[in-house]
Amino acid sequence: MDIPFTRKPRPDTGLYNAKLGVWLFLASEVMLFGGLFSSYIFLRVGADYHWPVHELNVTLGFVNTLVLILSSVTVVMAWANLKMRKIGAYKVCMWITVASAGVFMVNKSFEYKAKFEHYGVKLKDGTILTGHLPEGGYRIEFGDVNKLTLNSKTGDPTYFLEYTKSENPKFKTAAGTEVELTKSAWKELAAEAIKAKQNSVVLTSVAPLTFAVKESATFTHTDSTLTFRDGTTIEGKLINDALTLQVDKVDVRASDDPKKSLAWTYLGTEWQHAFDAHQEHAKEKYKSFDAKDARYLRHVMQMEIHHSTVAEHNEAHPGAGHAAETHAPAEGNHKADGHSSHYPEATIARKDIAFWSNFTPKWNTYYGIYFILTGLHGLHVVAGALVLAYFLLFDTKLLREDPDHLANRIEVGGLFWHFVDLVWIFLFPLLYLL
Amino acid sequence: MEQSHDDLQKHVKKYVKIGIILGVFTIITVGLSYIELPTHGLNIIVGMIVATFKAALVALIFMHLNHEASMIYKILLFTTVFVMGLFVLFYLAHGDGLVFTQFDGYPGTPYGGAPH
C-alpha cells in the first residue's frame, strides 16, 4: 500500500501527513507535561517544608543542558544537510545527536545513583542531618537470642539467618531433635507443622545467637523481641539500635534555638564550633536579609560539609571567639581508613529519629516531582534517540532512493527531539536552580 | 516548504548561532540563580523569563514555527489555551475561590501570608 503525501504537502492542510501527525502528538505532549508542571506548582506552593534550592548537582544538570542544546543543533543540521544531499555531513550530525542522548542518560544515571545512596534523617525536633550510611547501612543489634518463632507458611531461614554472626547455628525443635536450618530441613519442619495445623514452629537455639539486622529486613522490634519481614520473631535482648551517619549537611531551620537542637547535639564539639563559625560568617554576609527570609535561613541555619571541609576551618574567623583547644583536626577522631574520614560520624539513637530515608519520593514531594518529571523526560530522550537511530541505521534504502522522504522523517523525528529539549529548558531551572 | 541550496546553507549557519546563544543563556540562567534578588519570587520570575526566551528560540528557529502552515498554529492555539488554564489552577486552590473563604496561611510555611 502506498501512503499518500509522505513527500509533498497535502493541498488542504498544507502539510505532509507525518508533520501534521507529529504536531498533533506534540500538542498532546504539551498537555501531558503541562499537567505535571501544574502539579509542580501545587506541590511547591503547598509544601510544608523548605523547598530545596541548588540541592541537585548543578554542574551535571548544566552539562546535560549543553548536551541537549548541541543535539538539537545537530539534528536540525542533519535535516538541512540531507536536503542539500550532503550525505556524509548528515550522518555525522545524526551520530552526534544519538551519542548526545547517550551522554545525557549516563549523566542522569549518575545523578539518580547519588540520590539513592544519599540519606536524610529527620530528628524528633524537626532538625535534619543528611549524609551517607557506612558499609552495611543501618543495623539493629540483637543478642542473647534463644527462642525463634517461625511462621510455617512464610518463614524463611535463609532470609534471617544471613544476619546472625554465628556460623551454622543449631536449633532444637519442640520435640527435642537437633536441626540445622538448611533449606530442605526447614521445608520438612514446615510441612509437618502445616500437616498438624500449626501456624508456627518454635525453635530453641542450642547456643545463644547474636544478630545484626538490616533495618529494612525488620518488621517491628521492642527491647526483647524482633520480627523479621518474613514473620519470624526472635526473642532476646536489644543491644544497639542506632543509625550511624557520615554527616554532610546540618539543617537546623526547624529549631528556634539551634544550640539546643538534636542535630546540633549530634555534631560533636569540634563540628559545633565549625558550625558556629559558619553561622557567624553567613550572618555577616547576609545581614541585609530579614531573619525570617527563607534564603537567610538557608544560608545561616544550614552547613554543608564537603569532602575537604575540616572542623578546624573556624580558625579563619578568629572573631568568632573560640578557644584554641577546639581546633583539633577532624581526622583525629575518626578512623583513618576511608575517604569519609573528613565527615563527622553521628550515631543517632532510634528514639531521636522521626523519619529517615534516602532521597527518593519517600523523603519529600520535591523528590516525588523530581523523579516523575526527570524520569518521564528521560524516557522521552530514550524514545527520541531510538527513533533517530532507526532512521540513521535502517533507512539506508530510503536514503538511496528517496532522500526527500527520509528528510521529512528526520524533520518529524527532529521536531520531537526539539520538544524534549524544550521541556528540559524549563526543568533545569525549576528543579536545579530556583 | 521547498528551499534552495543557498537558503539551507544560510539556515545551517543560523542554527549554529542559535545553539551558541542558547548555551550563553544557559550560563546566564545558572549565574542568575546564585544572585539573591530582593525576593526569591523575583529569582523565579527572572529565571522563567530567560527559560521562556530560550524555549521560544527553539520553537521558532529549530522547530520552524516562524514560518509554518496555518494548520499547525490552529492546533497549537488550543493547546496553549488549555495549558495556560493548568497554570492558573493553583491560584483558584490557593484562595479557595469557589466557596469564597479566606485562606489564613500557616505560620512558618513559605506561603504563610493571606492572598491579596
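Over which residues of chain B does pLDDT stay under 50? That stretch is residues 112-116, for which the model has 11 contacts beyond four places in sequence. Here pLDDT is the predictor's confidence in each residue, from 0 to 100, and two residues are in contact if their C-beta atoms, placed from the backbone, lie within 7 Å.

## Ground rules

This is a predicted model, where local features need pLDDT of at least 70, side-chain atom pairs count only at pLDDT 80 or more, and totals for chains, interfaces and linings use all residues. Residues are numbered from 1 along each chain as its sequence is written, with chains lettered from A and ligands numbered from 1 in the order in which they are written.

## Confidence

Chain B has a mean pLDDT of 83, and 78% of its residues reach 70 or more. For the complex, the predictor gives an ipTM of 0.83 and a pTM of 0.83.

## Where the chains touch

Chain B puts 43 residues into the contact and chain A puts in 42. On the chain B side, α3(B) gives the most, with 14 residues. By class, that side has 27 nonpolar, 14 polar and 2 charged residues (Ala, Val, Leu, Ile, Met, Phe, Trp, Tyr, Cys and Pro count as nonpolar, Asp, Glu, Lys and Arg as charged, and the others, Gly among them, as polar).

## A look at A:Met31

Leaving aside neighbours within four places in sequence, A:Met31 is in contact with B:Thr79, B:Phe82 and B:Val83.

How values were computed: Helix = DSSP H or I, 4+ residues; strand = E, 2+ residues; numbered from the N terminus.
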